[in-house]
Amino acid sequence: MTSYLRNLSPDAQVGLLFVIVFGLLALGTALVFTLSLKDPKVGGRYSPDLLDVRRLLANSWVMVGVFWVAWVMGETAATVLFAVVAFFTLREFITLSPTRRGDHRSMILAFFIVLPIQ
C-alpha cells in the first residue's frame, strides 16, 4: 500500500487526501443526520451536544471547501491561502497570550516586517 502511495504524483496524493477527507465528512454528516432524526426535540430544539457537533461539522465543510478551491486554483493560490491562514492564526495566538505594553513594538516588527520578508 505504501509503495502505491509513493508512486503517485504529488497532485494525485493531494487529490486522494481530499477524497478521503470529503468521504469522512460525508460519513460524519450522514451520522449526525441519523442522530438528529433519533434525537427527541425538546421545545423544538435539539440537544446542545448535537448542535455543537452540527456546527463543528458545518465549519469543517467550509474549511475543507476553501482549501480545496485554493488547491484547484493552483500552487500560488494555495501558498497565499496558507500564508494568510498562518498569519491570522499567529495573530490570534498572540492576542490570547499575555503581553505587556513594551512588547508592542517588537510584535509589530515581527508581524509586518519579518514575517512578510520570510
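Student: At roughly what angle do the axes of helix α4 and helix α5 cross, and within what distance do they come?

Tutor: In this predicted model, the axes of helix α4 (residues 75-96) and helix α5 (residues 104-117) cross at roughly 175° and come within 12 Å.

Student: What makes α4 and α5 roughly parallel or roughly antiparallel to each other?

Tutor: Angles over 145 degrees count as roughly antiparallel. The axes of α4 and α5 cross at roughly 175°, and the two helices are therefore roughly antiparallel to each other.

Student: Which residues make the contact?

Tutor: From α4 come Phe87, Leu90, Arg91 and Ile94, and from α5 come Met107, Phe111, Phe112 and Leu115.

Student: Why is alanine 77 called partly exposed?

Tutor: Alanine 77 is found in helix α4. The term buried requires under 20% relative accessible area, and exposed requires over 50%. Alanine 77 has a relative accessible area of 22%, so it is partly exposed. Its C-alpha atom is separated by 15 Å from that of phenylalanine 87, ten residues apart along the chain.

Student: What makes alanine 83 buried, partly exposed or exposed?

Tutor: Alanine 83 also lies in helix α4. With a relative accessible area of 44%, alanine 83 is placed in the partly exposed class, since exposed means over 50%. Between the C-alpha atoms of alanine 83 and glycine 28 the separation is 29 Å, and the two residues are 55 apart along the chain.

Student: How do you know that arginine 55 forms a salt bridge with aspartate 52?

Tutor: The rule asks for a side-chain nitrogen of Lys or Arg within 4 Å of a carboxyl oxygen of Asp or Glu. The closest N and O atoms of arginine 55 and aspartate 52 are 3.2 Å apart, and the pair forms a salt bridge. Both residues lie in helix α3 (residues 48-73), three residues apart, which is about one turn of the helix. Aspartate 52 counts as partly exposed, at 43% relative accessibility.

Student: How many salt bridges are there by this rule?

Tutor: The count comes to two salt bridges. Aspartate 103 forms one with arginine 100, where the closest N and O atoms are 3.5 Å apart. In general, side chains of opposite charge can pair when their charged atoms come close.

Student: Why are aspartate 103 and arginine 100 placed in their accessibility classes?

Tutor: Aspartate 103 has a relative accessible area of 21% and is therefore partly exposed. Arginine 100 reaches 61% relative accessibility and so counts as exposed, the limit for that term being over 50%.

Student: Which residues make the nonpolar surface patch?

Tutor: The patch of about 680 Å² is made by Tyr4, Leu5, Leu16, Val19, Ile20, Leu24 and Leu27. The elements that give two or more residues to it are α1 (2-7) and α2 (10-38). With five residues, α2 gives the most.

Student: What makes leucine 24 exposed?

Tutor: Leucine 24 has its place in helix α2. Exposed means over 50%, and leucine 24 has 54% relative accessibility, so it counts as exposed.

Student: Why is leucine 31 called exposed?

Tutor: Leucine 31 is likewise in helix α2. Its relative accessibility is 52%, and therefore leucine 31 counts as exposed. From valine 62, leucine 31 is 31 residues away in sequence and 18 Å away in space, C-alpha to C-alpha.

Student: How do you know that arginine 6 counts as exposed?

Tutor: Arginine 6 lies in helix α1. At 68% relative accessibility, arginine 6 counts as exposed, because the term applies over 50%. Arginine 6 and leucine 27 are 27 Å apart in space, C-alpha to C-alpha, and 21 residues apart in sequence.

Conventions: Residues numbered from 1 in each chain as written. Predicted model: local features only at pLDDT ≥ 70, side-chain atom pairs only at ≥ 80, totals over all residues. Heavy atoms only, no water. Patch = residues over 30% accessible without salt bridge, like charges linked within 9 Å, V, L, I, M, F, W, Y side chains within 5 Å. Areas by Shrake-Rupley, 256 points an atom, 1.4 Å probe, with all protein chains shown as cover. Helix = DSSP H or I, 4+ residues; strand = E, 2+ residues; numbered from the N terminus. Buried < 20%, exposed > 50% of the residue type's maximum accessible area, 1.4 Å probe, protein only. Axes fitted to C-alpha atoms, helices over the stretch in contact; angles between N-to-C directions. Parallel < 35°, antiparallel > 145°, perpendicular 65-115°, else oblique. Contact = heavy atoms within 4.5 Å.
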